[in-house]
Amino acid sequence: MKKMPLILDMDPGIDDAVALAIALTDPEFEVKLVTAVAGNVSVDKTTLNALKLVEFFNRLDVPVARGAAKPLQKEFVDASYIHGASGMPGYEFPAVTHQADSRDAVSAIYQTLLNASEPLTIVATGAYTNIAQLLLDHPEIKSKIKQLVLMGGSLSGGNVSSVAEFNVFTDPDAAKIVYESGLPIVMIGLDVTLKALVNSETLEQLAKLGEPGKMLHGLITYYKDEYAGGKPLHDVNTIFYLVHPEAIKTKKYPVYVCTQGPAQGATIADTQNRWSNGKTNALVGLDIDATAFNQWLIEKVKQMAAK
């Protein structure tokens with residue numbers, strides 16, 4: 001089976017941690033690089049958390065690079081009220097024994113793309129600051145990007161304002177650059193992730209699945225993002241989409257990002273074709289098979305525990 005090569009740009013963060021755990025251990029993926037960005041917590045903490053997970057799963061072959069410490073223009077505000085002061089509370093990880101890559105995230109992504117034998121998928125589950133800076137610094141590298149699979153955005157209302165989702169709101173200027181890049185984009189936003197709730201039955205099963213299950217159960221149990229029926233592991237939906245696109249209902253839309261005012265961070269789809277002349281720039285997730293998502297999550301953690 002040919003593995004799917006990936007670059008993961010993240011801000012771990014509890015839901016990022018679950019996504020990274022699956023990507024590092026699933027034989028369907030070949031993780032070429034992990035880059036960290038400020039988001040759920042500071043970039044120093046998100047970088048450290050990525051290193052913790054790479055060591056936990058004995059994947060020291062995967063480089064981790066530190067990225068942007070703040071958005072392109074906007075003041076940085078984290079989400080430690082959701083993810084805790086460290087970003088990954090709920091499990092006692094040992095002290096890391098290796099360091100982040102000497103390259104910054106943009107340089108590491110650029111060189112990884114440049115040296116790849118085929119275009120790569122970039123999965124971005126934090127603010128898109130690193131990706132936007134890559135496109136600003138190296139616009140010629142677009143041909144080496146197969147697609148951007150983005151956790152973020154919403155067509156139906158926000159989670160940090162009435163209209164804005166956290167990742168886009170954290171750096172709306174970066175999101176605007178990304179959505180105007182002309183690259184193939186898959187938007188996995190709140191329209192999907194707030195339906196794919198991890199229920200109590202799934203959480204109980206995770207606790208029984210060896211040390212990986214214990215670790216993930218600890219993180220998810222601490223997670224302060226809760227809705228009736230369970231907890232949304234937003235970022236994990238991007239990984240699920242890559243292997244089970246049939247389980248997520250999608251539609252192509254022209255998506256615009258608002259960078260100023262009370263709608264800052266909003267992702268607006270021109271559903272009536274008033275502005276876009278029939279052109280689209282994103283495949284937008286609208287719904288998901290939540291039962292299939294929970295079953296897949298359990299199966300992935302079983303595979304981790306069996307290694």
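Buried means under 20% relative accessible area, exposed over 50%, and partly exposed in between, with a 1.4 Å probe and protein chains only. A salt bridge is a side-chain nitrogen of Lys or Arg within 4 Å of a carboxyl oxygen of Asp or Glu.

The model is predicted: local features need pLDDT of at least 70, side-chain atom pairs count only at pLDDT 80 or more, and totals for chains, interfaces and linings use all residues. Residues are numbered from 1 along each chain as its sequence is written, and side-chain values use heavy atoms, with hydrogens and water left out.

**Around Asp235.** Stay on the loop between strand 8 (231-232) and helix 11 (236-243), where Asp235 sits. Helices (H or I, at least four residues) and strands (E, at least two) are DSSP runs, numbered from the N terminus. Now select Asp16. Its backbone nitrogen is 3.2 Å from a polar atom of the Asp235 side chain.

**The cavity.** Next, select Lys52, Glu55, Phe56, Phe93, Pro94 and Ala95, which line the largest cavity. Its volume is about 30 Å³. The search of the whole structure finds one cavity of 30 Å³ or more. On a 1 Å grid over the protein atoms alone, a cavity is a set of points where a 1.4 Å probe fits but cannot get out; lining residues have an atom within 4 Å of a point. Grid points are joined across faces, edges and corners, and a volume is the space filled by probe spheres set on the points.

**Salt bridges.** The structure holds nine. Go to Lys2 and Glu118, whose side chains pair at 2.8 Å, N to O. Lys2 lies in the segment before strand 1 (4-10) and Glu118 in the loop between helix 4 (105-115) and strand 4 (120-124), so the pair ties together parts 116 residues apart in sequence. Lys2 is exposed, at 62% relative accessible area; Glu118 is partly exposed, at 30%.

Move to Glu30 and Lys32. Their closest N and O atoms are 3.1 Å apart in a salt bridge. Glu30 is partly exposed at 35%, and Lys32 is partly exposed at 34%.

Finish at Arg59 and Asp61, a salt bridge of 2.9 Å, N to O. Asp61 is exposed, with 54% relative accessibility.

Conventions
Polar contact = N/O pair within 3.5 Å; in protein donor to acceptor, adjacent residues only side chain to side chain. 1 Å grid on protein atoms, 1.4 Å probe; cavity = no way out; pocket = protein on both sides within 12 Å on 5 of 7 lines; lining within 4 Å.
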